[in-house]
Amino acid sequence: MQHLKGKVAVITGGNSGIGKATARLFTEEGAQVIITGRRQDVVERAAQDIGPSAIGFVGDTADLEDHCRLAETVKSRFGGLDIYMANAGVINLTSSAEVTPEDYDRHFAINTRGVFFGVQTMAPLIRDGGNIIVTSSLAATKILPDHTVYAGSKAATAAFAKNWAIEFKSRRIRVNILSPGPVETEILAKLGVSEAERPAFEDHMASLIPAGRLGRPEELARAALFLASDAGSFVNGIELHVDGGMTLV
Ligand SMILES: NC(=O)c1ccc[n+]([C@@H]2O[C@H](COP(=O)([O-])OP(=O)(O)OC[C@H]3O[C@@H](n4cnc5c(N)ncnc54)[C@H](OP(=O)(O)O)[C@@H]3O)[C@@H](O)[C@H]2O)c1
């Protein structure tokens, strides 16, 4: 049985990692999925790789006009949508003393403002009974070195999501937070950790996780499917930690 048969989903940052694995699983479960990202070649390749039920959309979540273009595309092609996953995100590990105003603004423009205005723009198109998933991070609740700005940008979105769960209740739109721990995706190459230091960094992360390893994008995708489908029909306003138990230690 396909759990998302006939559903339409939009996944920002669906061209890579957690978003792409989720897009793939959602299409296998019967959904039409629109994936977004800024790099046209990566977006196109990802859509092709996922298959005919995936459509690529090149857009920047930091650009409010791109949210409007995306909404127009969804409206004209599908009339509306059922699942919106605000997943695009960036991170640069830096101690607070070294954070530049530009780096601070980039985190909040993409991770926070992009999520807020993405939901504001898409919400009118989400069909009653649909749902929203916000990809936050373990860093929003657990103190990790050099994560301060990233943690703040993600903690804000978790607060947004809980408020939205109440704001959208009359339309039966559920809003939940997917909170990954360290997961093997391309983001690990964008943290600001040098190539040479990466293996030691990842080994150290793995040693902090009770599961003894980093997560895989498919494991986050299965959690997103739970939240998006009727399997999670009575789940609303939660923060689902998918982190191999790292929150506990
Ligand atoms: N992997 C982890 O360890 C981990 C842990 C906790 C939370 N997360 C969160 O999980 C989410 C997905 O991360 P991931 O690990 O799958 O990373 P990823 O492989 O780097 O994928 C994220 C994608 O988001 C897209 N993106 C970034 N900024 C964007 C923007 N302004 N507009 C549109 N798309 C944008 C990027 O595509 P373009 O460059 O083409 O735009 C990128 O391919 C992020 O929000 C991240 O913070 C990840």
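Leaving aside neighbours within four places in sequence, which residues is Thr22 in contact with? They are Ile11, Met85, Ala221 and Ala224. This is a predicted model.

Thr22 lies in helix α1. Its relative accessible area is 0%, so Thr22 is buried. The side chain of Thr22 reaches the backbone oxygen of Ile18 at 2.7 Å.

Next comes helix α2, residues 40-50. Val42, Val43, Ala46, Ala47 and Ile50 are buried there. These residues sit on the same side of α2, because they cover an arc of only 130° around the axis. An α-helix has 3.6 residues a turn, so residues three or four places apart point the same way. The other side of α2 carries Arg45 and Gln48, which are exposed. What covers the buried residues of α2 includes the elements below.

| Element | Residues |
|---|---|
| α1 | 17-28 |
| β2 | 32-37 |
| β3 | 54-58 |

Just after α2 comes Gly51, with a positive phi of about 125°.

A helix pair follows. Helix α3 covers residues 64-78, and helix α4 covers residues 101-122. They pack at an angle of about 35°, and their axes are 9 Å apart. The crossing of α3 and α4 is right-handed. From α3, the contact uses Leu64, His67, Cys68, Leu70, Ala71 and Val74. From α4, Arg113, Gly114, Phe117, Gly118, Thr121 and Met122 meet them. The residues of this contact between α3 and α4 divide into 7 nonpolar, 4 polar and 1 charged.

Definitions and conventions. Residues are numbered from 1 along each chain as its sequence is written. This is a predicted model: local features need pLDDT of at least 70, side-chain atom pairs count only at pLDDT 80 or more; totals for chains, interfaces and linings use all residues. Side-chain values use heavy atoms; hydrogens and water are left out. Buried means under 20% relative accessible area, exposed over 50%, partly exposed in between (1.4 Å probe, protein chains only). Helices (H or I, at least four residues) and strands (E, at least two) are DSSP runs, numbered from the N terminus. The arc is that of the directions from the helix axis to the C-beta atoms. Contact means heavy atoms within 4.5 Å. A polar contact is a pair of N or O atoms within 3.5 Å; within protein, one must be able to donate a hydrogen and the other to accept it, and residues adjacent in sequence count only if both atoms are side-chain atoms. Axes are lines fitted to C-alpha atoms, for helices over the stretch in contact, and angles run from 0 to 180 degrees between N-to-C directions. A crossing is left-handed if the near helix is turned anticlockwise from the far one by less than a right angle, and right-handed if clockwise. Ala, Val, Leu, Ile, Met, Phe, Trp, Tyr, Cys and Pro count as nonpolar, Asp, Glu, Lys and Arg as charged, and the others, Gly among them, as polar.
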